Amino acid sequence: MAQAPWAGYPLAIVAVLAAVGIRTALEGFGSFYYLPMLPAVMAVALLAGRRETVFAILLAITANVILDRQDSVIDMIVNAVLFATVAWLISEGFRRLRVSRRHADELSLRLARRDHMLQTVLVSVPVVMLDRRGVIRSLTPSASVLLAASEGLATGEPFSLFVEDFDLKTFAPRIAGGAGPGSWVARRGDGQRLHLNIQLGINEDENDPDHAILTLTDLTATHTADAQARELHTQLNRVWRLNSLGEMAATLAHELNQPLSAAVTYLHAAKTDMRRAGPVADSAGRTVDMAKGQLLRAGEIIRRMRELLAHETRGLDVERTGTMIYDLQGVLEMIGGTGGATIEFYIDEENDRVWAERIQFQQAMVNLVRNAVEALEGRPDPRVVVSGRAISPEAYEIRVEDNGAGIATADMESIFRPLISTKSGGMGLGLSVTRTIIESHGGVLKVEASPLGGAAFSFCLMRERELLDS
């Protein structure tokens, strides 16, 4: 404990005066000289610092010189030197004892804090102690909850009761060889299954019965999320294929309508020529009429298909843009991982309520991110940035940018046309389908150069208040 400046000097004066009083009281029994002064110096050494101790020693010597004037000068000097030496050595011993005690108290406090921290960790982390046979000796409360087994029931049972394939004799060398902890399928006490990550620590003390320390991590939620992400990816791929077929059907309907109309015109001209040939051509004329009828029927079918596609409507609901995108995070990171790209998300979730058809919107996002990742092939530091923000009370903008080579200005219009692709083996339907989805939401898909160096695709969705006002 810190002392105030000069606080030890009054203590030294009082201690020496008390020692002088004791010496005076003992004069009737004999000559004690410096002996009563030693306790005074020791008290100052215990309670004050070095300077105060030196001051106490000097005061004690001065008091003895005054009280023993009849002694010779040599005796006084010798006695003073001996007293000062002994008193200083004793005071140094007491000072070091005090310092050692302070260090011991600090060390005890640190050990108590670390022990408290360790106990807190052990309470919150699932830990299981095993002996050399793989039998459970103890487990923490969190491990008991994780395994759905009380400590009393689990203690004494082999750990393989919960993890069927676990064998400490083969597991320990596998970890030591760098094989990693891996994932294990465990069976809880209530019969439920869960996925565990098991990390192993070995106690090298041969006399300690706690030989192996297992730290358990529940991976069930992670495995469930991965399965959901794969299922969502499958559903989105199915939707993409359906959209692609619809886009292809619309394109074929548009492209085939013209040659069918031309074929009808040619057959009509052929029928006119056959009339000039007289009755001989009547049979061929009937065949031409039948072919013309089939062509007209085909044209009617195509016209109906175009009308169906042109008037197709999808119900829009109020959705949170951040939720729709972050639900896709696992799928998008899988796409990025396949291409070795990092996917970054910057979504303003405060004002992100928009009108959208969830699955169609997510399919559009998957298409845009996949295209961005494919454009980064061969880049040294591939990045894709997905951002969203409200740009006005009416519109919420979504952008997908990359740091790839970008798109040539001359190609920025043609890339949206169906059946046109800049990638070898591409069908040229991805961006066309995406644009159709965005347009069905009342938006426009745009492309421009990105500040990252590559391309930036962007579109806007109507915010909730905008569609309500309209």
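Tutor: An axis here is a line fitted to C-alpha atoms, for helices over the stretch in contact, and angles run from 0 to 180 degrees between N-to-C directions. The model is predicted, so local features need pLDDT of at least 70 and side-chain atom pairs 80 or more, while totals for chains, interfaces and linings use all residues. Numbering starts from 1 along each chain as its sequence is written, and side-chain values use heavy atoms, leaving out hydrogens and water.

Student: Okay, are α11 and α12 roughly parallel or antiparallel?

Tutor: Find helix α11 at residues 329-339 and helix α12 at residues 358-374 (helices are DSSP runs of H or I, at least four residues, and strands are runs of E, at least two, numbered from the N terminus). Their axes come within 9 Å and cross at roughly 15°. Angles under 35 degrees count as roughly parallel, over 145 as roughly antiparallel, 65 to 115 as roughly perpendicular and the rest as oblique, so α11 and α12 are roughly parallel.

Student: Which residues of α12 make the contact with α11?

Tutor: Contact means heavy atoms within 4.5 Å. On the α11 side, V331, L332, I335, G336 and G339 take part. Facing them from α12 are M365, V366, V369, R370 and V373.

Student: How do the axes of α1 and α2 cross, and at what angle?

Tutor: Look at α1, residues 8-25, and α2, residues 37-47, whose axes come within 8 Å. The two helices are roughly antiparallel because of how they cross, and that angle is roughly 160°.

Student: Which residues of α2 touch α1 there?

Tutor: From α1 come L11, A12, A15, V16, A19 and V20. Their partners on α2 are M37, A40, V44 and L47.

Student: What is the strand order in the open sheet?

Tutor: Five strands make up the sheet, with antiparallel pairing (two strands pair if DSSP finds at least two bridges between them). At the edges sit β2 (136-139) and β3 (183-187), each pairing on one side only. Reading across, the order is β2-β1-β5-β4-β3.

Student: In β2, which residue is the bridge partner of L130?

Tutor: Strand β1, residues 127-130, runs antiparallel to β2, and three bridges join them. For L130, the partner in β2 is I136.

Student: How many aromatic pairs turn up in the whole structure?

Tutor: Rings of Phe, Tyr and Trp (its six-membered ring) pair if their centres lie within 6.5 Å. A search of the whole structure gives a count of three.

Student: What kind of pair do Y9 and F55 form?

Tutor: Planes under 30 degrees apart count as stacked, over 60 as edge-to-face and the rest as tilted. The ring centres of Y9 and F55 are 5.3 Å apart with planes at 75°, so the pair is edge-to-face.
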